[in-house]
Every structure is written in structure tokens, then in C-alpha cells.
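Work through the exercises below with the sequence and the structure at hand. Each task is followed by a solution in steps.

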Amino acid sequence: MCSKTIQGFKAVTIRLPDADTHPHEIFLKEHSLRHYEDDKPPGRTLFVLNIPSYFENKHVQSLFSATAPVTKVIMPSSPGFKSAHVVFAKPEGLSKVLALDEIRMSQSGVTFETGLSKWVEEYNNSIRNPDELANELNTFMLRYDKSQAKSSKQEKKLSQEVDDEGWTVVTKKGHKPGIANKESVKIKLAGKIVEKKRKKELKNFYTFQIKEGKMKNLALLRKNFEDAKKRVEAMKSSRKFRPY
């Protein structure tokens, strides 16, 4: 079989136990390091692309362990096709895998969840256990109540303290809590004051004011009517087709 190389990656065919007639291609390359990383030692780390979306770490390890012992698989979780770093026990293991053109996955101990069964499993795993959720909420509320009690105790202590000049600290827990000194609060209060003044203004209080308002409305209606008549006449005179 002729090996295929694409941009430095070697294309290798993998055959799964239950899909022998439809193989899949992955792309392999020795992991090159700009800076040394403890979890990806040079000479023993393989970089793999185009891993099927339903593969997990155990599947990748099983795929390459048949050729050489694998010590670690680093594969970030992501939607779609995945990438991974595979660390072999010895440099010879990396060389053996890079020399392959096809990898046939063993049937022992490896099962895949795909299609509807995979979606059902993911949905079931996403549902929180009611007892665990209740315990988590109770723990959070206990911490919150403790912090609130501690804060109230500190404010009460401050409100009872008197400095050298006889002044006491005013807190928001007083008999009449103050208003927050924020720009949004100031704008809201100013708007309320303007609205209150507007409501106090007396409009059409006298009879002559009501009469003047009616006369103005009537004059405006007459003017609009005359303007509409002029527009209609102008439209009639501009017509080119005159049957009579």
C-alpha cells in the first residue's frame, strides 16, 4: 500500500471492528516542540488529527497500544473531529506507528456509543442528581446565611461605636436607610421632580382657554381641507389621458 503524506502529516487508515467496509483516515506526525513540555516528551510523542468525534481517550489508547505501549493520551474535548497527543513508553513505539499504513482496532474491551444511543447517554449524563443538587444548594445557602449574619454583626458593632469627637457611624441598616449616591438614582429623582411639577400645571383652567383651543383646532382642520383640495386639483390637471 502506498503511503500518503499531506503537509508533513502521514495519512493512516484505521478500521474499526464493526465498520470494516468503511475505514477512516487519521493524520499522524511526530510532535515537534518549540519549548520543552514535561507531559509531551520529545522523541516519544505523536500528534494525531482527524480523530472521530465519538472517540474517547480510552479508544485512542486502545488503537495505538496494539502496536506499542502507550503511557498517556492527551485529547481536549471538542465538538466534531478531534486532535490528540499520544505519548509512547519508548521512542521505538513512535517509529513503529509512523511506519504503518493501516491500523486495525482490536475488538476486545472497546465499545462505541454513536447515533441516537450516544445522544441519549449524553442527555442522561447532563441531568443533575436531585439529592446532589439539593445538598449543593443547602451548602451554598448555609455559607450565604453565615456571611450575612457576620456582615450584620459588624454593621451593628460599627453603629454603636463612638469616636473621640462623639460621632457615630451611620450604616444602611438604620431606622430609615439612606438613598444610594449613584448617578442613575439622581437622574431618576430629577425625573420624578419634573413629572410632579408638570402635573401641578393647570391647563385649560379658564373658559376662554377652552374656547381658544377649539377655535385653533377648527382653523387647522379648515386649512388642511383646503390644502387637500388643491392637491386633488393639481393631480387632475396633470393627467394626460382625458376621455372627455
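**Exercise 1: Asparagine 50**

Asparagine 50 is part of strand E4, which covers residues 45–51. The model is a predicted one.

Solution. 

**Exercise 2: Glutamine 7**

Task: Locate glutamine 7 relative to the strands, then classify it as buried or exposed.

Solution. 
- Step 1. Strand E1 spans 4–6 and strand E2 spans 9–16; glutamine 7 sits in the loop between them.
- Step 2. Its phi is near 50°, a positive value in a residue other than glycine.
- Step 3. Glutamine 7 has a relative accessible area of 76%. The cut-off for exposed is over 50%, therefore glutamine 7 is exposed.

**Exercise 3: The whole chain**

Task: Describe the protein chain by its secondary structure, its buried share and its contacts.

Solution. 
- Step 1. The chain contains six helices and seven strands. Their order along the sequence is β-β-β-β-α-β-β-α-β-α-α-α-α.
- Step 2. Of the 244 residues, 18% are buried.
- Step 3. The accessible surface is about 19900 Å², and carbon and sulfur atoms account for 56% of that surface.
- Step 4. Take the contacts between residues at least 6 apart in sequence: 53% of them join residues at least 24 apart.

Note on methods. Residues numbered from 1 in each chain as written. Predicted model: local features only at pLDDT ≥ 70, side-chain atom pairs only at ≥ 80, totals over all residues. Heavy atoms only, no water. Helix = DSSP H or I, 4+ residues; strand = E, 2+ residues; numbered from the N terminus. Buried < 20%, exposed > 50% of the residue type's maximum accessible area, 1.4 Å probe, protein only. Contact = heavy atoms within 4.5 Å. Areas by Shrake-Rupley, 256 points an atom, 1.4 Å probe, with all protein chains shown as cover.
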